[in-house]
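Trainee: I am new to this structure. Can you take me through the terms used to describe it?
Mentor: Gladly. Here it is.

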Amino acid sequence: MKPTILDFTKEELAYHVKPAFRAKQIFGWVYHQYAQDFMQMENLPKALRSELAERFDIMPLLMVRKEESSDGTLKYLFALRDGKTIETVLLRMKEEWVDEEGVKHASRYTVCVSTQVGCKVGCSFCLTAKGGFTRDLGAGEIVAQILAVKIDQGLEAARRLNIVYMGMGEPLDNLENLAKAINIIKDEEGLSISGKRQTVSTSGLSTKIDKLGAMDLGVHIAISLHAVDDDLRSELIPMNKAYNIASIIDAVKRFPIDTRKRVMFEYLVIKDKNDDLDSAKKLVKLLSGIKAKVNLIYFNPYPGGLYERPDEASMKAFSDYCIAHGLLCTIRDSKGLDISAACGQLKEKTQEELKA
Ligand code: SAH
Ligand code: SF4
């Protein structure tokens, strides 16, 4: 299979395509003009266009399904060139909003990106885990998800986006391709999304958190904590036996963080498992030495799943406890609940339908 042009940083492209300024022109065509064909690239010599078309593909994704929820969340199922499928989600926050100081803000768009087909971590609550692990995504396949969503939505090239690596897969288990994708996405002559606008969510591979930190990409991290004691966390995330809570907290403390920012801890709330105030109390204690913010997520049930969605009252009580004890805490509204919301669910649904 040919490499895709999205696999390359501008510097790498400049090495392949001489003279070097051509790389910049190609970036412009791909990321700003949304060219889908090298022949469109009018300011390149014809011979170069043909050569590029011979050597490279542009878009490695084909949209096979798209669902929109009543709150505007869009969920895409993309086929890769080998026929495997991944999910990408576009979250559209408020339309226009005015903050406390009267400043007007445009709506916020966040793209939730996948990094692997399947996942090795095997969390007991996660539908992606059920299918096991198939393969890592290449850097270009990660970059392409953002580009494909922008093209599909007709978003202008300069439209500001936030990126969260919270789709299918464990980003830090594919660190090399992830880091390369982050660099390509950051390029000011390409998608131009700074590190500050990109958040890597991890189930807690502590050694890789250190490695990511050492790469100094300027990205944020979010930790999928989900439990405050190792027994329960190991039940939910088997890998916790190798990388326990203490090792994760230590790694977070070493991570280079913009001093104005906080590290996000995600806490998936499951009815009668971790939704009690005793857990909230332990959470406050655990995070006391860290500039943290907690995001409580409703467990989203699916057929055949082991767990139940918590009720609103216990969510609220949990959140109130944290806030009253000085821990910043928000409840994630269940975006797109009516469209197979949580990760892995659209893919699973499509496979079930195909079987039927
Ligand atoms: N592997 C990384 C990247 C995101 S996984 C990680 O675990 O952090 C996808 C996200 O979906 C995680 O935040 C996970 O907590 C969430 N998730 C998985 N199954 C879910 C479910 N059934 N209900 C709600 N959120 C779920
Ligand atoms: Fe993998 Fe994240 Fe799902 Fe766990 S929650 S199985 S780490 S994708």
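Mentor: Start with one term: a residue is buried if its relative accessible area is under 20%. Keep in mind that this model is predicted.

Trainee: Which residues of the pair F299 and Y302 are buried?
Mentor: Both F299 and Y302 are buried. By the cut-off, each therefore has a relative accessible area under 20%.

Trainee: How do you know whether F8 is buried or exposed?
Mentor: Its relative accessible area is 10%. The cut-off is under 20%, so F8 counts as buried.

Trainee: What makes F56 buried?
Mentor: F56 has 3% relative accessibility. That too is under 20%, so the term applies to F56.

Trainee: How many aromatic pairs does the structure hold?
Mentor: It holds six. One of them joins F8 and F56.

Trainee: Why is the pair of F8 and F56 called edge-to-face?
Mentor: The planes of F8 and F56 are 75° apart.

Trainee: Why is the pair of F299 and Y302 called tilted?
Mentor: Its planes make an angle of 55°. Stacked needs under 30 and edge-to-face over 60, so this pair is tilted. The centres are 6.1 Å apart. F299 and Y302 also form one aromatic cluster with Y307.

Trainee: What makes R159 sit over the ring of Y109?
Mentor: The charged end of R159 is 4.1 Å from the ring centre of Y109. The distance limit is 6 Å, with an angle limit of 35 degrees from the ring normal. K10 lies over the face of F27, at 5.9 Å from the ring centre.

Trainee: How do you know that S201 makes a polar contact with ligand 1?
Mentor: A side-chain N or O atom of S201 is 2.7 Å from an oxygen atom of ligand 1. The cut-off is 3.5 Å, so the pair counts. H226 contacts an oxygen atom of ligand 1 through its side chain, at 3.3 Å. G169 uses a backbone N or O atom, 2.9 Å from a nitrogen atom of ligand 1.

Trainee: How much of ligand 1 does the protein bury?
Mentor: Taken alone, ligand 1 exposes 540 Å², and the protein buries 94% of that.

Notes
Residues numbered from 1 in each chain as written. Chains lettered and ligands numbered in written order. Predicted model: local features only at pLDDT ≥ 70, side-chain atom pairs only at ≥ 80, totals over all residues. Heavy atoms only, no water. Polar contact = N/O pair within 3.5 Å; in protein donor to acceptor, adjacent residues only side chain to side chain. Areas by Shrake-Rupley, 256 points an atom, 1.4 Å probe, with all protein chains shown as cover. Phe/Tyr/Trp six-rings, centres within 6.5 Å; stacked < 30°, edge-to-face > 60°. Buried < 20%, exposed > 50% of the residue type's maximum accessible area, 1.4 Å probe, protein only.
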